Amino acid sequence: MSAPAQDRSAGAAGTAGTAGTTGSTGSTGAAVRRGTAGTSAARRRARTAAWSVAVAVLLVLLTGVALGTGQVEMTVWEALRALAGLGDSGNVLVVQEFRAPRVVSALIAGAGLAVAGSMLQRLFRNPLASPDTIGVTGGASFGAVLMLATGVSQEYVPLAALGGGLLAALLLGGFAWRSRMAVTRLVLVGLAVQQGLAAAVNLMIVRFPAELASSAMQWTTGSLYGRNWTEVWVGGTAVAAGSAAVVLCQRRVAVLDLGDDSAGGLGLDPRRDRVLLLLLTIALASLAAALTGPVAFVALAVPHLVRLLAGPPTLGTLGLTALTGALLLLSSDLLVLHVIPVHGLPVGAVTATLGAPWLLVLLIRQGRLPQRSS
């Protein structure tokens with residue numbers, strides 16, 4: 001074989017060896033990246049599970065404290081036994097008939113609002129999206145106050161609140177469908193709807209008789225006062241059904257998280273599916289608000305807190321979000337009842353006070369405040 005031929009053969013062998021080495025290195029790198037991603041996902045799942053257990057234990061303890069604190073004092077264990085119908089008959093009566101409906105309402109509404117807020121932020125791709133900012137709570141307040149203005153029994157006020165929240169959802173969804181506006185830009189429309197409904201509510205309250213005005217004001221700020229087992233069972237069943245529907249839609253939401261182009265390539269209609277999921281989520285928020293009134297900032301703050309603790313949203317973090325929302329609302333109600341020396345203070349006043357600084361922090365982090373020129 002001539003020298004040039006030998007050189008060509010050696011070069012070809014070297015090129016093949018290099019390609020084989022490169023391919024082997026690339027395969028190894030891909031395997032390492034997959035292993036790293038799998039380890040990271042496992043760590044996130046373990047962290048989510050650990051936080052869920054911790055929040056659940058704290059929630060049980062706080063529930064016992066809430067049930068056992070008041071004019072009739074009892075220990076956490078005695079309160080939990082009374083909730084199950086065991087122990088002293090007087091304790092059983094106090095816990096089951098007077099304290100438990102309020103506590104269970106806080107747990108249900110807090111969980112429902114937090115889950116709805118998490119879903120809205122994913123669907124809008126906006127960290128400021130929540131029932132407070134897209135008109136749902138304004139619609140619930142409008143429906144409830146309008147019902148009070150007509151002199152109908154207080155038992156129908158939660159139903160009217162649900163109708164008002166769903167009306168706001170239909171207005172928002174109809175606008176998105178007819179104008180073909182991207183759902184991710186509807187937060188501004190929701191803010192306009194919220195402010196318009198709030199103005200209508202204030203006008204009705206000003207024109208109310210004095211005995212109705214105080215009741216309307218207490219409801220519109222969010223209150224757990226006077227809940228009964230009928231409201232708890234109806235509201236709890238409805239919120240549970242809405243939450244179950246949200247869980248069943250998690251695969252579709254995860255596909256939408258990939259972006260509209262990717263979701264369309266996988267067989268979804270992004271605009272249609274976002275609007276339908278938006279209506280479902282707003283219905284869940286309306287059901288929770290119908291039970292307790294428009295409690296502010298729970299739906300906005302809790303999803304951010306869960307992301308800080310457990311990372312990006314998954315099905316596991318959705319459960320942690322529900323537990324954290326229930327814990328936040330129950331803690332706020334305990335502050336109202338036993339710490340803050342103001343009689344009749346609604347729980348929404350506490351959550352709004354806690355949430356306002358949080359909203360300011362979010363605005364600063366998102367760069368929405370004007371920057372000072374150098």
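Trainee: Leaving aside neighbours within four places in sequence, which residues is glutamate 97 in contact with?
Mentor: Those residues are Val92 and Trp229. Contact means heavy atoms within 4.5 Å. Before we go on, this is a predicted model, where local features need pLDDT of at least 70, side-chain atom pairs count only at pLDDT 80 or more, and totals for chains, interfaces and linings use all residues. Residues are numbered from 1 along each chain as its sequence is written, and side-chain values use heavy atoms, with hydrogens and water left out.

Trainee: How far apart are glutamate 97 and tryptophan 229 in sequence and in space?
Mentor: They are 132 residues apart in sequence, while their C-alpha atoms are 8.1 Å apart.

Trainee: Why is glutamate 97 called partly exposed?
Mentor: Buried means under 20% relative accessible area, exposed means over 50%, and partly exposed is in between (1.4 Å probe, protein chains only). Glutamate 97 has 44% relative accessibility, so it counts as partly exposed.

Trainee: What makes threonine 281 buried?
Mentor: Its relative accessible area is 0%, so threonine 281 is buried. This residue sits in helix α11 (residues 270–292); helices are DSSP runs (H or I, at least four residues), numbered from the N terminus. Not counting residues up to four places away in sequence, threonine 281 touches Ala116, Met119, Leu120 and Leu123.

Trainee: Which residues touch the most other members of the largest nonpolar core?
Mentor: That core has 80 residues, and Leu120, Phe124, Ile134, Val145, Phe208, Ile282 and Leu330 touch the most other members. α3 gives the most to this core, with 16 residues. A nonpolar core is a set of buried Ala, Val, Leu, Ile, Met, Phe, Trp, Tyr and Cys residues joined through side-chain atoms within 4.5 Å.

Trainee: How do you know that α4 is mostly covered?
Mentor: Of its 14 residues, 10 are buried. Among them are Val136, Ala140, Val145 and Leu148.

Trainee: What span is expected for helix α4, and what does the helix reach?
Mentor: The expected span is 1.5 Å times one less than the number of residues. Helix α4 (residues 136–149) reaches 20 Å from its first C-alpha to its last, close to the 20 Å expected.

Trainee: Why is valine 57 called partly exposed?
Mentor: Valine 57 has a relative accessible area of 47%, so this residue is partly exposed. It is found in helix α1 (residues 3–68).

Conventions
Helices (H or I, at least four residues) and strands (E, at least two) are DSSP runs, numbered from the N terminus.
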